[in-house]
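Subject: Structure handover

Hi,

Here is the structure for you to look over. My notes on it follow below.

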Amino acid sequence: MAEMGSKGVTAGKIASNVQKKLTRAQEKVLQKLGKADETKDEQFEQCVQNFNKQLTEGTRLQKDLRTYLASVKAMHEASKKLSECLQEVYEPEWPGRDEANKIAENNDLLWMDYHQKLVDQALLTMDTYLGQFPDIKSRIAKRGRKLVDYDSARHHYESLQTAKKKDEAKIAKAEEELIKAQKVFEEMNVDLQEELPSLWNSRVGFYVNTFQSIAGLEENFHKEMSKLNQNLNDVLVSLEKQHGSNTFTVKAQPRKKTKLFSRLRRKKNSDNVPEKGNKSPSPPPDGSPAATPEIRVNHEPEPASGASPGATIPKSPSQSSLPAVVVETFSATVNGAVEGSGGAGRLDLPPGFMFKVQAQHDYTATDTDELQLKAGDVVLVIPFQNPEEQDEGWLMGVKESDWNDHKELEKCRGVFPENFTERVQ
């Protein structure tokens, strides 16, 4: 019998819940159709909007913080691998081996400590902060349902009162249900009216504490990491001093070898210089002018009969593929040097001269169209006749000493690796 009673209560409760859902659905339909008025609370609706905004911002912050932590962990692994590589290549007889190993261990511990403190002081705090939102969100939804129940009970009571044939028993029961629905709604409403503004205002302090913690932890981490890096640098400086004679050789940036000088030599010797093969580029050393923008100006490949080589003038902007302002600026410089009274000294420069560079390292030419350089040589840089023949990291020029001695561009000019030089003018 007890079991039957229990089943009966359960069935009755289910039926009651189903009836409530039907009543709420009917009430919402009537409200949407404008056949029943709806209780509005603009102040509470604003609180709900703030709550949803706060939840969205907090969820995004939590996601980004987890991404940041994943990045810290990845950097830790990468740093650990790099330290392990250093330990492997550091030969036993080299000075500072023990110090380098100790620095690597401290580096690993520092990364682990940083990651753990971020979890404890930022991520866990973030999780606690967001942990209160699901319950409040559920209560907001429940308040909405109770408000519909209240409106439905109110409308039912009003309809019974305005009926032509009044049933006092039904009216009394409807009034009782209305009072009960109003009480349940107002209790929930009052609690949320107090909680939501307080929660909204708490966001400022939470964001301040979170980002202060992250900033402070990151600052301390980088300070300690900086000390370790300085210690490692000192160890490597000591190693360099002991093995200072074994210098690292600077290499030229490889280039695709073109047919630039094949055409020139065919005119004189009817020889064909083999086309040069593709090679992979390598980065220039520190201090190279590799980042200097290249200015290419097309000019006549051969001076007119009887004209002085030094008076060759670049093509007009309409004939050049460069922007007009670049060509006009360069053309004005050359024309001023040739025709102006104050620029006579520039007549000694090769046609199309752009700037000077100085060799910082010796370079041994590997082909007939390359310049042989000694450290200290000054090279006058000129444009390629055909810009498409220029390989990345290579310039065209003539050594200043050769130009001063011969003034013959075709015999003196050649290509050279830009990363072996430094711009001086």
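Let me start with the aromatic rings. The model is predicted, and its aromatic pairs come to ten in number. One of them is Tyr-129 with Phe-133: the ring centres are 5.5 Å apart and the planes stand at 70°, so this pair is edge-to-face. Tyr-129 and Phe-133 are both buried.

Tyr-150 and Phe-185 give another pair. Their ring centres are 6.0 Å apart and their planes meet at 10°, so the pair counts as stacked. Tyr-150 belongs to helix α4 (residues 133–161) and Phe-185 to helix α5, so the pair ties together parts that lie 35 residues apart in sequence. Buried or exposed, these two? Tyr-150 is buried, and Phe-185 is buried as well.

There is also a ring cluster. Ring pairs link five residues into it: Phe-51, Tyr-129, Phe-133, Phe-206 and Tyr-207. A pair of aromatic rings is described by the distance of the centres and the angle of the planes.

Next, charges over rings. Arg-143 has its charged end over the ring of Phe-44, at 3.6 Å from the ring centre. Arg-203 lies over the face of Trp-200, and the distance to the ring centre is 3.7 Å.

Arg-203 deserves a paragraph. Arg-203 is in helix α5. A polar atom of the Arg-203 side chain lies 2.6 Å from the backbone oxygen of Trp-200, the residue whose ring face Arg-203 covers. What does Arg-203 contact once neighbours within four places in sequence are left aside? The partners are Gln-54 and Tyr-129. Arg-203 and Tyr-129 are 74 residues apart in sequence, and their C-alpha atoms are 9.2 Å apart in space. Tyr-129 is also in the ring cluster listed above.

Now helix α5 itself. Helix α5 covers residues 168–242. It has 75 residues and spans 109 Å from its first C-alpha to its last, close to the 111 Å expected at 1.5 Å a residue. Where does α5 bend by about 30°? The bend is at Arg-203.

Val-235 is another residue of α5. Its relative accessible area is 11%, so Val-235 is buried, under the 20% cut-off. Leaving aside neighbours within four places in sequence, Val-235 is in contact with Tyr-90, Pro-95, Gly-96, Glu-99 and Ile-103. Take Glu-99 from that list: Val-235 and Glu-99 are 136 residues apart in sequence, yet 7.3 Å apart in space, C-alpha to C-alpha.

Two loop lysines are on my list. Lys-40 sits in the loop between α1 (2–32) and α2 (42–89). Its relative accessible area is 55%, so Lys-40 is exposed, over the 50% cut-off.

Lys-407 has a positive phi of about 55°, although it is not a glycine. Most residues other than glycine have a negative phi. Lys-407 is partly exposed, because its relative accessible area of 33% falls between the 20% and 50% cut-offs.

Last, the overall picture. The protein has nine helices and five strands. From the N terminus on, the order of elements is α-α-α-α-α-α-α-β-β-β-α-α-β-β. Of the 425 residues in the protein, 34% are buried. Among contacts with a separation of 6 or more, 69% are between residues 24 or more positions apart.

Best wishes

Notes
Residues are numbered from 1 along each chain as its sequence is written. This is a predicted model: local features need pLDDT of at least 70, side-chain atom pairs count only at pLDDT 80 or more; totals for chains, interfaces and linings use all residues. Side-chain values use heavy atoms; hydrogens and water are left out. Helices (H or I, at least four residues) and strands (E, at least two) are DSSP runs, numbered from the N terminus. Buried means under 20% relative accessible area, exposed over 50%, partly exposed in between (1.4 Å probe, protein chains only). Contact means heavy atoms within 4.5 Å. Rings of Phe, Tyr and Trp (its six-membered ring) pair if their centres lie within 6.5 Å; planes under 30 degrees apart count as stacked, over 60 as edge-to-face and the rest as tilted. A charge sits over a ring if NZ of Lys or CZ of Arg is within 6 Å of the ring centre and within 35 degrees of the ring normal. The expected span of a helix is 1.5 Å times one less than its number of residues. The bend at a residue is the angle between axes fitted to the seven residues ending there and the seven starting there. A polar contact is a pair of N or O atoms within 3.5 Å; within protein, one must be able to donate a hydrogen and the other to accept it, and residues adjacent in sequence count only if both atoms are side-chain atoms.
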